[in-house]
Each structure stands twice: as C-alpha cells, then as structure tokens.
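Colleague: I'd like to learn how to read a model like this one, feature by feature. Can we walk through it together?

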Amino acid sequence: MIKRSFLTASVLIGVAIASGLCIAAPSDCKLITIAEWPIRLEHNKLIVDGAINGQKIGIVLDTGAERSFILRSAAVRLGLTLRRARGLRLFGIGGETEVEMAHLDEFKIGEATHKNWQVIVAGERELGGDVALLLGDDFFHGADVEFDLAHGAVRLFQLKDCDGVSLAYWATSGAGHVEIEAVDDVHPHVVLAVQINGQPFRALLDSGAGISMLSTSDAARLGVTPETAGVVTVGRGSGLGAKQIDSWIGPFQSFTIGEETIQNPKIAFSDLWKGTTYTQTGSNLRTQVGLQPMLLGADFLLAHRVLIAHSQRKIYFTYAGGPMFQVSRPPEARSDPGQEVGSKPTGAN
C-alpha cells in the first residue's frame, strides 16, 4: 500500500498539446482533447509507446494500480540507479512486492514530457515485450478518460460547462452510465456498482487486468466454488507479487452494469487478494489491504466504448461488440447454456 503520489495527470496535461474540441451535447458543454494516444493490444494489455531517458518503452495503461511504477526488470534493463524506498509497501495480485525508487531525467508519453521524476520501482516479474512502466490511476484520476479501443485510441479530456450533461458524445441513441465512488489522492481507484445473480457488488474498473475476475470468497457467496458443477480450472496466474494463484471459470446466472445485463455468463474467479494481509510493525493487528470483490478488466473495455468522467463521478459506456467476459472453455467443460461470443447484452446501446 503506497501513500504518496509521484505523478498526476496535471503534470503531463500542463505540457500536452490540445488537439481539438468535441461537443458532448447541444449545449455549451465542450470536451477539450488534451491528449489522444494510439493503443496497441498485446495479450489484452493496453500499451502506449513512450520513452525513458531517450530509450523507447511500452507503457501499460492500468487504472487498477493506485500508483504508477517501473517494473524492476525494466529498471535494470534501462540502467537506472535503484535505491531503497523506506516506509513504502506495495501489494497486488500475488502478494507484496519490494519497493525501490529511481530517478528519471525524462519521461515521455505521446506529446507530453515530464522531467526529473522520482518514480516507484516494483514488481517481481516481467510483462513481456518492451513493457517497462505501468501508468496508474494516480495519473488518470486527474482527467476524464475515454477508452475507444475499437478505434485503437485512448483520449484524455478537460471539460468546460458540462454539469449535468451526458458526456457520451459519440452515442446517437443514448448510453449507459453508472456512478463511481469518490476518488482521493491516497487511494485513487475507479470503483462502481454491479450486480451478479441479482446481488450487489463493488467492482474495480481495472484496465491492467487482462480479463474480468471475481474473488473466490465472493463467488462462493453466490454458490459457485471450484467443486460446483460446470466449473473448470484454468491454471495458475500471477500479478505484481511473487506468488501464483489458482483460477477457475464458473457459470453464473446474470451480470448487470447499469441497464445492461448478460444472462448465463461465464466469469473467472480466483483468490485475488491472497497475501495482502499483513501485521504492522509493533502491533498485533492484522491489516487487510482495501481491495474490491471484482475486477472489471480489459475484456469489458474491449466490448464497450467507455468514458470515465471523474469530473462527474460517472462512467458512460456503449456496447461495441464481442463478449463482455473473455474466458476460454476447455474441452472437458460440460456443454451447458452460456454467454454466446459476440452476443449483445440485454439493454445495451
């Protein structure tokens, strides 16, 4: 758990080049485009090209990360000098990871440049390819962010005169919307309400998660466990920490976000937050890192056009096609009714 902010959207927005205006509605509301990044997709990672100290890198857009950081393996590869970060702890899928610090003379993403950045270094595994840095929600919560993956783009906006106006400027027949919880600098996360089998859950909108996942304990609360009929094992996975976790795919009755509902979805579940409980020094109290029952991952963003309106504490979304949940069905899985690939959710715009 990190309690300091080292990069904010305003830092890069201050040097970004405004590229145009979008009218959100027949009113005075304007979305001022401050950045538009072309996205390449690799294994459901949303990657933007950038550079550190003149060396080209891949940057993963990760709204699920509280803090932006460089992967340790990449920091070594880039020849950065690392020093211990005292008093900082960082947790994620796979448990705790050691935290260090590095100084960047120059960081570039798109048309923006940030100089003299003291950046966190963490992570126990490489993510493959040229990926070196995860850009977290400490950056994104300072702007309104559109994920338009069907057109290979992510856009950052500043708003003018848009109170009470729908910001889904691309939607001719309306758009779904859901309120998001208040965000602060200590725990910048996009958390929203969904329903699974008609039961309410809090979900973290996590562009850094390749697929959406439910925690094992919350799946069990809905009557789905590794022993439930129709559940199949999908192997072990890893994240920020060193430990691997087992994952399964299970049948659920329904999934709802806003007015959009999927019947009989197959949703992955795993012990997401195993290893995120720790004892504070000098205390007998055990602390559980505050994380959500569900990750709403890149598969949701691929199936929708989404605008995270931090300025209004809402997300707007329209269905773009394809499955809401990208899960594979191994040959041994029994054939029972499930979400059809490419099917349109009920109520989707």
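**Disulfide**

Modeller: Let's start with cysteines: a disulfide is a pair of cysteine sulfur atoms within 2.5 Å, and by this rule the count comes to 1 disulfide. Keep in mind that this is a predicted model, where local features need pLDDT of at least 70, side-chain atom pairs count only at pLDDT 80 or more, and totals for chains, interfaces and linings use all residues. Residues are numbered from 1 along each chain as its sequence is written, and side-chain values use heavy atoms, with hydrogens and water left out.

Colleague: Which residues does the disulfide join?

Modeller: C29 and C162, with an S to S distance of 2.0 Å. The pair links distant parts of the chain, 133 residues apart: C29 is in the loop between β1 (20-23) and β2 (30-38), and C162 is in the loop between β14 (153-160) and β15 (176-179). Strands here are DSSP runs of E, at least two residues, numbered from the N terminus. The torsion about the S-S bond of C29 and C162 is about 90 degrees, so the disulfide is right-handed.

Colleague: Is C29 buried or exposed?

Modeller: The scale is relative accessible area: buried is under 20%, exposed is over 50%, and partly exposed is in between (1.4 Å probe, protein chains only). C29 has 0% relative accessibility, so it counts as buried. C162 is buried too, at 4%.

Colleague: And how do I read strand pairing?

Modeller: Two strands pair if DSSP finds at least two bridges between them. Take β11 (residues 112-122), which runs parallel to β6 (residues 69-71), with 3 bridges joining them. In that pairing, F69 has I120 of β11 as its bridge partner. On the antiparallel side, 9 bridges join β10 (residues 100-109) to β11, and there H103 is partnered with Q118.

Colleague: How many residues lie between β10 and β11 in their hairpin?

Modeller: There are 2, and G110 in the turn has a positive phi of about 60 degrees. E111 is also in the loop between β10 and β11, and it counts as exposed because its relative accessibility is 61%. The C-alpha atoms of E111 and W37 are 9.1 Å apart, although 74 residues separate them along the chain.

Colleague: What about aromatic rings?

Modeller: A pair of aromatic rings is described by the distance of the centres and the angle of the planes. Rings of Phe, Tyr and Trp (its six-membered ring) pair if their centres lie within 6.5 Å; planes under 30 degrees apart are stacked, over 60 edge-to-face, and the rest tilted. By this rule there are 8 aromatic pairs. F107 and W117 make a tilted one, 5.2 Å centre to centre with 50 degrees between the planes. F107 lies in β10 and W117 in β11, so the pair ties together parts that are 10 residues apart in sequence. Both F107 and W117 are buried.

Colleague: At what angle are the planes of F139 and F140?

Modeller: They are at 85 degrees with centres 5.2 Å apart, so that pair is edge-to-face.

Colleague: Which residues have the most contacts inside the largest nonpolar core?

Modeller: A nonpolar core is a set of buried Ala, Val, Leu, Ile, Met, Phe, Trp, Tyr and Cys residues joined through side-chain atoms within 4.5 Å. The largest has 76 residues, and those with the most contacts inside it are W37, I70, L192, L214, I257, M294 and I315. Apart from it lies another core of 11 residues, including C29 and C162.

Technical notes:
Helices (H or I, at least four residues) and strands (E, at least two) are DSSP runs, numbered from the N terminus.
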